[in-house]
Amino acid sequence: MNERPPAVPPYTVLVTADKAGTRLDRVLAAALAELSRNRVQQLLAAGQVVLAADGEIVRDPARCVRLGETYAVTVPPPPPSTAIAQPIPLDVVFEDDHLIVIEKPAGLVVHPGAGTPDGTLVNALLAHCKGGLSPIGAPLRPGIVHRLDKDTTGLLVAAKTEAAHRSLAEQFAMHTVERAYYAVVWGHPIPASGRMTTRIGRSDRDRTQMAIVAQGGKEAITDYRTLRWLGASAALLECRLATGRTHQIRVHMAALGHPLVGDPVYRGRRQRFAASTGDKVLPLCPRQALHAFLIGFIHPETGIKVRFESSLPHDINSLISFLEGH
């Protein structure tokens, strides 16, 4: 495995008297000539700026700095120029000359990018398929037609040939791919089933997050139904995607008032659970409790509809068992 390039050690910026009361992004950009103001804002949004005195992560570019404050700025390594093959174990569900379906574990990023130069699903696929992935999306995303969040588990299909890639991409674009997820959420949704239809785009408050927006963004449609209650504080849902936006289920469930158990980002407007219960489930499932258990599509070569299903992973099963008793 190639060695990852190290992140640049933190720059330190001390706020002097002439800069007090100025916007943070202006102060940092002025002090760090090699970084543009836009790049500084990106680093703020990514949580790479820390107030040295107490370790607070600062994300607000408009924050008014105070005399004597010191800020530490870390610049992650640039993304790699190409993806390399790495012998990372894969759980292969189906494979032929045209495509491969795998069960993605929690913690595995789908493709290389800034901050994750290697150790991704793409690196593993390149090794497993001996480089035989669709060139569409290269050099960093060969064969990738859809993604799952780093800590979401479940089924994902990748293309080996250009023809298969184009066919699958068209099916995703036409929303004809069947996709269903198991989600453990806080509270008991009322009504027990429904449809969320919104527009999702980048959050104005934190550009690393997604949010429901009134203008712009893209249409996002999620159908959900309650499979069963899990004790007094949670429920197991099936969520089906009519569209596939970044963080779609997580954003929709939080907006509904029923955020995913374990989601560190989208916690919703209200927390419908006792703090003690929330603390106890974290060791059981230290991630958002979301699993892509079904994917179905028309096989690009045979024209036959294929469907693949997977069981809930151990951590979510343990979570469910615990919640059912509380």
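The legends below describe a predicted model in an overall view and several close-up views.

**Overall view. Secondary structure, extent and surface of the predicted protein.** Residue numbers start from 1 along each chain as its sequence is written, and the side-chain values rest on heavy atoms, with hydrogens and water left out. Because this is a predicted model, local features need pLDDT of at least 70 and side-chain atom pairs count only at pLDDT 80 or more, while totals for chains, interfaces and linings use all residues. The protein comprises seven helices and 14 strands, where helices (H or I, at least four residues) and strands (E, at least two) are DSSP runs numbered from the N terminus. Its radius of gyration is 22 Å, close to the 20 Å that the globule rule gives for 326 residues, so the protein is as compact as a globular protein of that length; the radius is taken over C-alpha atoms, and the rule is 2.2 Å times the number of residues to the power 0.38. Along the principal axes, the C-alpha trace spans about 70 × 50 × 40 Å. Of the 326 residues, 45% are buried, with buried meaning under 20% relative accessible area, exposed over 50%, and partly exposed in between (1.4 Å probe, protein chains only). The protein exposes about 15,800 Å², of which carbon and sulfur atoms supply 53%, as computed by the Shrake-Rupley method with a 1.4 Å probe.

Close-up 1. The assignment gives domain 1 (11–73), domain 2 (91–174) and domain 3 (178–325), with bounds that come from an automatic or database domain assignment. The C-alpha centres of domain 2 and domain 3 lie 22 Å apart, and their contact takes 23 residues from domain 2 and 23 residues from domain 3, where contact means heavy atoms within 4.5 Å. For the protein as a whole, among contacts between residues at least 6 apart in sequence, 66% join residues at least 24 apart.

**Close-up 2. Helix H2 and the elements that cover its buried residues.** In helix H2 (residues 37–45), the buried residues are Val40, Leu43, Leu44 and Ala45. The cover over these buried residues includes helix H1 (24–31), strand S2 (49–51) and strand S4 (70–75). After H2 comes Gly47, whose phi is positive, near 75 degrees. Arg26, a residue of helix H1, is partly exposed, with a relative accessible area of 45%, and its C-alpha atom is separated by 37 Å from that of Leu260, 234 residues apart along the chain.

Close-up 3. Ala127 is found in helix H3 and is partly exposed, with a relative accessible area of 27%. When residues up to four places away in sequence are not counted, Ala127 touches Ala85, Gln86 and Pro87. Ala127 and Ala106, 21 residues apart in sequence, are 20 Å apart in space from C-alpha to C-alpha. Lys130 lies in the loop between H3 and S7, where it has a positive phi of about 55 degrees although it is not a glycine, and this residue is exposed, with a relative accessible area of 76%. Pro139 also lies in the loop between helix H3 (121–128) and strand S7 (153–159), and a cis peptide bond with omega of about 10 degrees joins Ala138 and Pro139. Most residues other than glycine have a negative phi, and most peptide bonds are trans.

**Close-up 4. Loops on either side of strand S8.** The loop between helix H4 (162–173) and S8 holds His175, a residue other than glycine whose phi is positive, near 60 degrees. His175 is partly exposed, with a relative accessible area of 42%. Pro191 has its place in the loop between strand S8 (178–186) and strand S9 (193–202), and a cis peptide bond joins Ile190 and Pro191, with omega of about 0 degrees.

**Close-up 5. Gly303 in the loop between strands S13 and S14.** Gly303 is found between strand S13 (290–298) and strand S14 (305–309), and the residue is partly exposed, with a relative accessible area of 49%. The C-alpha atoms of Gly303 and Pro61 are separated by 51 Å, the two residues being 242 residues apart along the chain.
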